[in-house]
Amino acid sequence: MCGIIGYVGPRNATAVILNGLRRLEYRGYDSAGIAILGDNSIRVTRAVGKLSNLESRLRQAEDGPPPSVGIGHTRWATHGGVTEHNAHPHLNDAGTIAVIQNGIIENFIELKGELQAEGIRFRSETDTEVIPHLVDLYMKAGMPFARAAFAAIARLQGSNAVVMMSAQEPDKLIAARLGNAGGIVIGLNPDETFVASDVPGILDYTRDVIFLEDGEVAIAQAGQVSVYRLDGAPVNKQRHAIAWDPVSAEKGEYRHFMQKEIFEQARAVTDTLRGRVNFETGEVALESLELGTGGAEGIPARIHTVACGTSKHAGLIGKFLIERIARVPVEVDYGSEYRYRDPIIEPGLAVLGITQSGETADTLAAMSLGKARGARVWAIVNAIGSQAERMAEGVIHMRAGPEIGVCSTKTFLTSIVDQYLLACALAQRANAQTVERSNADPFSLARDLAHLPGLIGQTLKPDPIYEALANRFHDRRHFLFLGRGINYPIALEGALKLKEISYIHAEGYPAGEMKHGPIALIDETMPVVCVAVRDGVYEKMISQIEQVKARGGIVIAIATEGDDFIRQKADYVINVPAAPELLTPVLTAIPMQRLAYEMATRLGCDVDQPRNLAKSVTVE
Ligand code: AGP
């Protein structure tokens with residue numbers, strides 16, 4: 001979770017930036033760097049490891065008057081290893097433009113090729129380095145800094161937060177937000193301006209902030225900021241006063257933690273991917289998944305996934321992914337059932353516990369049974385230092401950051417992505433024969449992940465349909481959710497989200513099962529949410545939708561953007577962007593979360609702490 005801090009004003013910029021980066025340290029990083037303006041030139045200092053390494057480098061280099069403009073960054077690698085060269089900020093050839101970036105530039109290979117054809121030499125393996133070179137190219141063509149920056153940002157595909165400065169126009173910083181993988185908050189005092197990826201980075205100095213939305217670019221000068229859309233149209237931004245109590249301060253611009261956690265999912269997934277995929281080759285190293293000796297020893301003959309609630313739904317999607325991509329058979333069970341059914345644990349079996357908290361008693365008991373009977377035990381965990389992590393031989397961290405809302409959201413998406421990575425890594429290890437058997441190329445499947453944060457960002461765009469649906473259906477007592485194939489567990493998850501925070505009864509079903517019972521429930525009062533994206537079972541889903549309609553039911557379809565056909569069949573359509581089939585559940589889960597959130601807030605429910613529920617269930 002990279003951190004960004006920028007400053008323009010009368011204070012010592014180095015001190016402000018270092019302090020801000022310290023405040024963001026808890027988010028994790030592997031290297032850090034800072035660029036400051038002095039004597040009309042940019043001075044960059046970078047160091048691998050802790051901020052204290054950067055500080056001692058800066059002390060050695062200290063000379064001249066304190067700088068009044070600068071940018072700083074804590075990096076957590078996505079492209080390229082953990083080296084000083086790859087740490088941000090990155091510069092153009094002449095060292096006159098410095099850039100820091102959070103996120104993934106999906107088209108960086110094309111941009112890099114284009115720049116290399118112009119004779120530009122790259123000094124790092126990062127995607128970020130394309131930005132200063134692009135800005136430089138546009139400035140050489142005669143554009144002033146701001147216009148060149150806008151032109152360069154407009155070329156980037158994906159979800160990113162970018163901040164840059166130029167020695168030629170040393171009074172300003174330019175900051176942009178594209179998509180949702182990285183936020184940008186701008187703090188203001190009468191004579192100074194702060195830029196940060198996260199509110200805690202600037203809270204020591206100001207509470208008066210604005211938040212950039214997707215596609216907005218800010219030109220920040222001391223004590224003032226102007227915000228534009230990428231096409232240059234000015235935007236009138238609302239200022240927010242951040243509350244002084246730490247809980248409200250952490251929520252930032254959001255009303256609830258659940259809402260914040262839904263909207264930070266592009267960023268959470270970016271963090272899940274960091275350092276685990278080589279996006280040029282598609283290689284996922286088993287070692288990069290922190291599976292320790294357990295993973296390095298080889299491929300399990302079969303996997304038993306054990307989990308509860310939302311984590312179990314993630315496991316069901318994982319079964320689909322691991323079996324399809326790596327052809328390793330997977331059984332998924334509730335932690336609470338597994339240990340009482342005398343499971344068959346044979347040599348070569350891996351028990352995979354999935355748990356956000358790492359403290360769920362039923363999941364821990366199931367893992368411990370596996371361990372006692374000689375299985376290799378792995379865990380997919382969010383909470384660092386939890387019991388599940390300590391019990392497992394190998395751990396894949398979700399890296400979702402703290403999830404405060406009782407309702408799991410970002411940990412659902414990140415645990416699916418972890419299993420996708422595991423599936424690709426196992427398939428790549430198994431090599432050619434697996435590829436033949438599964439008819440799927442695990443390298444190209446891993447490269448698809450580069451687009452995921454951008455696709456999640458698109459799925460999180462403002463959409464009035466959620467409020468419209470909540471207004472129309474908040475008084476219903478029952479909902480049905482249907483899905484099929486890899487999106488069947490999304491129907492289960494949609495029903496769980498709705499019932500746990502809005503207290504509306506909801507059932508999730510595999511669509512093909514509807515005719516074996518639930519169809520009896522359908523009448524003109526029953527809303528039926530159908531996941532019907534353009535995948536291998538699309539036609540089957542259309543026929544289920546027709547059956548619901550024939551009985552007077554109300555169909556809310558979650559469909560692929562641009563699918564006009566489904567509009568003739570469903571009463572309401574929620575769009576998700578087109579995506580490779582195996583990634584669709586990561587996207588279709590989001591409308592389920594947003595719908596449940598909107599319904600629950602419309603009903604006045606306490607979404608962060610729903611009645612009778614605990615974030616971690618530590619009793620049987
Ligand atoms: C999800 O929204 C629930 N709060 C709940 O089902 C949860 O997923 C379950 O209790 C498992 O928790 P864990 O992931 O921490 O093990």
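Contact means heavy atoms within 4.5 Å. By that rule, Ile456 touches Gln265, Ala266, Val269, Leu413, Val586, Leu587 and Ile590, leaving aside residues up to four places away in sequence. The model is predicted: local features need pLDDT of at least 70, side-chain atom pairs count only at pLDDT 80 or more, and totals for chains, interfaces and linings use all residues. Residues are numbered from 1 along each chain as its sequence is written, and side-chain values use heavy atoms, without hydrogens and water.

**Domains**
- The chain is divided into domain 1 (3-248), domain 2 (281-453) and domain 3 (460-602); the bounds come from an automatic or database domain assignment.

**Nonpolar cores**
- A nonpolar core is a set of buried Ala, Val, Leu, Ile, Met, Phe, Trp, Tyr and Cys residues joined through side-chain atoms within 4.5 Å.
- Buried means under 20% relative accessible area (1.4 Å probe, protein chains only).
- The largest core has 92 residues, and Leu422, Leu449, Ile456 and Phe479 have the most contacts inside it.
- Helix H14 (residues 410-430) gives the most to this core, with twelve residues; helices are DSSP runs of H or I, at least four residues, numbered from the N terminus.
- This core lies between domain 2 and domain 3, because both give residues to it.
- A second, separate core of 29 residues includes Met139, Ala146, Ile153 and Leu178.

**Domain 1 against domain 2**
- Their centres, taken over C-alpha atoms, are 36 Å apart.
- Five residues from domain 1 and four residues from domain 2 make the contact.

Key:
Buried < 20%, exposed > 50% of the residue type's maximum accessible area, 1.4 Å probe, protein only. Helix = DSSP H or I, 4+ residues; strand = E, 2+ residues; numbered from the N terminus.
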